[in-house]
Amino acid sequence: MKTYQLPEVKIERDKDRCIDCQVCVRQCAFEAHKVDEDGDVYSEDEKCVACQRCVSLCPTNALTIKDNTPFVKDNANWTAETQKYIWKQAETGGVLLTGMGNPKPYPIYWDHMLLNASQVTNPSIDPLREPMELRTYLGSKPDKIDIKMVDGEPVLNTKLAPQLMVKTPILFSAMSFGAVSYSVCEGLARASKELGTFWNTGEGGLPQNLYEYGPNTIVQVASGRFGVHSEYLDAAAAIEIKIGQGAKPGIGGHLPGEKVGPVVSRTRMIPEGSDAISPAPHHDIYSIEDLSQLIYSLKEATEYTKPISVKISAVHNVAAIASGIARAGADIIAIDGFRGGTGAAPTMIRDNVGIPIELAIAAVDTRLRDEAIRNRVSVIAAGGFRNSADVIKAIALGADAVYLGTAALVAMGCHVCQMCYTGKCNWGIATQDPYLEKRLNPDVAAERLFNLVSGWSHEIAEMLGGMGLNAIESLRGNRLHLRSIGLSTEEMDILGLQAAGSPMA
Amino acid sequence: MKRVYTKEEACIGCRLCEVHCLTEHSRSKNIIKAHKKEFPRAISRVLVEELRPVSFAVQCRHCDEPVCVEACITGAITKDESGKVVHDEEKCVGCWTCVLVCPHGAPRRDLERRKVAKCDLCPDRETPACVEMCPNRALVYEER
């Protein structure tokens with residue numbers, strides 16, 4: 001069928017600079033660059049996905065990828081994008097698929113929050129000269145502690161629940177082996193070990209070669225139960241039950257059979273070449289009581305030595321659900337906002353389901369405090385954290401720590417072209433093609449991730465110091481250190497924030 | 001001695017090592033000029049061998065017992081004190097004997113100048129150009 005879709009980008013090749021070295025031709029899995037019989041290199045705009053791989057590797061800067069949004073007659077309703085979707089579906093009859101997080105221009109509440117700093121009346125702290133504690137513990141805290149004195153020394157009498165110690169309140173989000181390449185998993189695992197934090201296997205199981213990173217690994221138990229067995233649970237530092245994902249709340253997952261090669265097959269414990277389908281719900285969880293059974297099954301299986309996390313997407317009733325999860329016995333609740341990423345999701349779901357993580361953190365923290373059970377769980381927030389300021393604002397709103405997914409991928413080379421579901425990732429990230437996967441050297445990936453999180457941690461320390469705080473735990477849920485700007489009173493009410501300019505209450 | 005080693009598992013077959021080797025061995029050392037305006041054009045001394053997904057860059061191994069040195073009919077190839085196998089273009093007559101005997105296929109034929117071109121480990125640089133410019137750290141320059 002003749003396509004009516006119009007090229008969205010324009011590839012500009014400066015012929016004065018191009019040396020016909022064909023690096024772009026070799027690097028483009030989408031075949032947007034070609035070479036003719038005379039050795040002349042040329043490009044085909046309609047195949048380009050704007051992943052910028054060719055631009056990054058072109059040794060003479062001869063390439064520029066430009067926005068070429070098709071001109072359709074001025075119409076706020078029937079935009080180029082809406083028409084594109086209709087053409088696509090008229091040609092395929094299928095569901096629109098996409099990758100990465102919600103790109104729509106919904107409000108980004110982080111950009112409507114301002115941080116406090118100390119002036120005169122309480123001194124700010126210089127983190128380069130004075131101790132600054134970014135370490136925190138994730139897990140259930142007791143309602144009260146009982147201390148007895150032994151030989152004049154206080155000794156803790158209360159048995160504490162297992163805790164995850166993170167040296168910085170930044171963890172790597174669940175990204176499954178299969179959706180992402182082995183190199184990504186290795187990069188995340190190695191960086192986590194160096195940083196003193198954790199990475200998360202997602203639902204793809206833990207590749208055998210990465211068991212040595214178990215002490216820095218959170219393993220997931222998802223609705224498909226891929227790769228779940230006793231050694232997998234034993235290897236991990238914590239176990240996460242995945243109920244939902246911010247990019248596609250309410251639906252399951254589908255890893256196409258083409259991505260299930262020998263290693264993915266072994267790791268996921270499914271036949272090579274078979275589709276890995278994660279059901280939308282866990283078929284054994286239809287209530288908080290059922291969830292509690294799974295939480296305690298996992299606790300029994302690991303002899304109460306590991307915290308159990310439950311990950312949900314941020315949806316309308318997130319606060320009540322979180323309360324149920326806390327009461328079901330979870331040690332950690334991970335909440336994934338609607339800007340959270342994915343390897344593949346139906347476009348309509350990614351772009352229209354869920355709520356912003358900012359509102360979800362505030363709603364959950366408030367609810368758990370009101371019910372006096374905030375101490376029973378730690379809250380990890382996820383879904384589109386772009387920089388250290390977003391992280392510190394999330395902690396001030398009430399999160400214990402955050403998960404980075406997209407930012408970690410961007411650090412490794414991702415340019416958010418949203419083509420993950422094609423398996424042709426030119427950056428070697430969202431692919432299982434051995435030729436493409438080699439493009440991500442795990443040494444480079446681990447180093448870039450380490451650098452990113454170190455940089456953010458330094459910035460968080462600086463901002464904390466500016467507020468006169470010397471520990472990240474002193475900021476958690478301390479919303480007086482935030483002020484809102486340009487928000488409605490309803491939004492401020494949910495976020496629990498005062499307007500910029502209001503005095504310290 | 002320090003040699004260039006290839007990490008096959010990280011080589012992505014982009015061939016940027018070849019581009020930068022050619023540039024480094026051009027007269028101008030300007031990448032665009034070297035490729036478009038210099039005649040005869042310099043040639044790369046590194047060659048990426050590829051059978052996807054496997055690929056790796058091959059250049060002179062600077063062997064401990066180099067057969068090319070023994071085979072060279074004019075004495076153009078010698079092993080210097082540092083262990084580097086060096087090639088004197090003045091003495092080279094383009095007989096291609098070294099090309100025939102090299103077990104690595106490292107010497108390259110410069111057909112326009114009828115001379116052999118081989119890796120000289122970039123004497124003007126601290127790290128050879130191919131190693132420094134590899135986008136995926138598939139080449140390392142180290143002592144082993």
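## Charges and overall form of chain A

The mean positions of the 48 positive and 59 negative charges of chain A lie 1 Å apart. Here Lys and Arg count as positive and Asp and Glu as negative, while His and the chain ends are not counted; each charge is placed at NZ of Lys, CZ of Arg, CG of Asp or CD of Glu. This is a predicted model, in which local features need pLDDT of at least 70 and side-chain atom pairs count only at pLDDT 80 or more, whereas totals for chains, interfaces and linings use all residues. Residues are numbered from 1 along each chain as its sequence is written, chains are lettered from A and ligands numbered from 1 in the order in which they are written, and side-chain values use heavy atoms, with hydrogens and water left out.

Chain A contains 16 helices and 23 strands; helices (H or I, at least four residues) and strands (E, at least two) are DSSP runs numbered from the N terminus. Its C-alpha trace spans about 90 × 55 × 45 Å along the principal axes.

Of the 505 residues of chain A, 53% count as buried, where buried means under 20% relative accessible area, exposed over 50%, and partly exposed in between (1.4 Å probe, protein chains only). Residues 24 or more positions apart account for 70% of the chain A contacts with a separation of 6 or more; a contact means heavy atoms within 4.5 Å. Chain A exposes about 22,100 Å², and carbon and sulfur atoms supply 53% of this area. Accessible areas come from the Shrake-Rupley method with a 1.4 Å probe, and for residues only the protein chains shown count as cover.

Helix 8 of chain A (residues 318-327) has seven of its ten residues buried, so it is largely enclosed by the rest of the structure. Among these buried residues are Val318(A), Ala322(A) and Ile325(A). The buried residues of the helix pack against helix 7 (288-301), strand 17 (308-313), strand 18 (332-336) and helix 10 (357-370) of chain A. Helix 8 is followed by Gly329(A), which has a positive phi near 110 degrees.

Strand 17 also holds Lys311(A), a residue that counts as buried at 4% relative accessibility. Beyond its neighbours within four places in sequence, Lys311(A) has contacts that include Ser173(A), Gln220(A), Glu240(A), Lys242(A) and Asp336(A).

## Loop residues of chain A

The loop between strand 13 (217-221) and helix 5 (230-235) of chain A contains Val228(A), which is partly exposed at 22% relative accessibility. Val228(A) and Thr267(A) are 39 residues apart in sequence, and their C-alpha atoms are 9.1 Å apart in space. Apart from neighbours within four places in sequence, Val228(A) is in contact with Gln220(A), Val221(A), Leu233(A) and Met269(A).

Most residues other than glycine have a negative phi, and most peptide bonds are trans. Arg225(A), placed in the loop between strand 13 and helix 5, has a positive phi near 55 degrees and is partly exposed, with a relative accessible area of 26%. Ala372(A) has a positive phi of about 60 degrees; this residue lies in the loop between helix 10 and strand 20 (378-382) and is exposed, with a relative accessible area of 55%.

## Chain B

Chain B has five helices and eight strands, which follow the order β-α-α-β-β-α-β-β-α-β-β-α-β from the N terminus. Its radius of gyration is 15 Å, close to the 15 Å that the globule rule gives for 144 residues, so chain B is as compact as a globular protein of that length. Of these 144 residues, 47% count as buried. In helix 1 (residues 16-24), nine of the nine residues are buried, including Leu16(B), Cys17(B) and His20(B).

Two cis peptide bonds are described here. One runs from Phe39(B) to Pro40(B), with omega near -5 degrees, and Pro40(B) sits in the loop between helix 2 (31-36) and strand 2 (47-51). Another runs from Arg52(B) to Pro53(B), with omega near 5 degrees; Pro53(B) lies in the loop between strand 2 and strand 3 (54-58).

## The interface

In the interface, 22 residues of chain A are in contact with 24 residues of chain B. The area buried between the chains is about 1,900 Å², of which carbon and sulfur atoms give 57%. Buried area is the accessible area (1.4 Å probe) that two parts lose on being put together, summed over both. In chain A, Ile19(A), Tyr435(A) and Lys438(A) lose the most area to chain B, together 36% of what that side buries.

Methods: Rg over C-alpha atoms; globule rule 2.2 N^0.38 Å.
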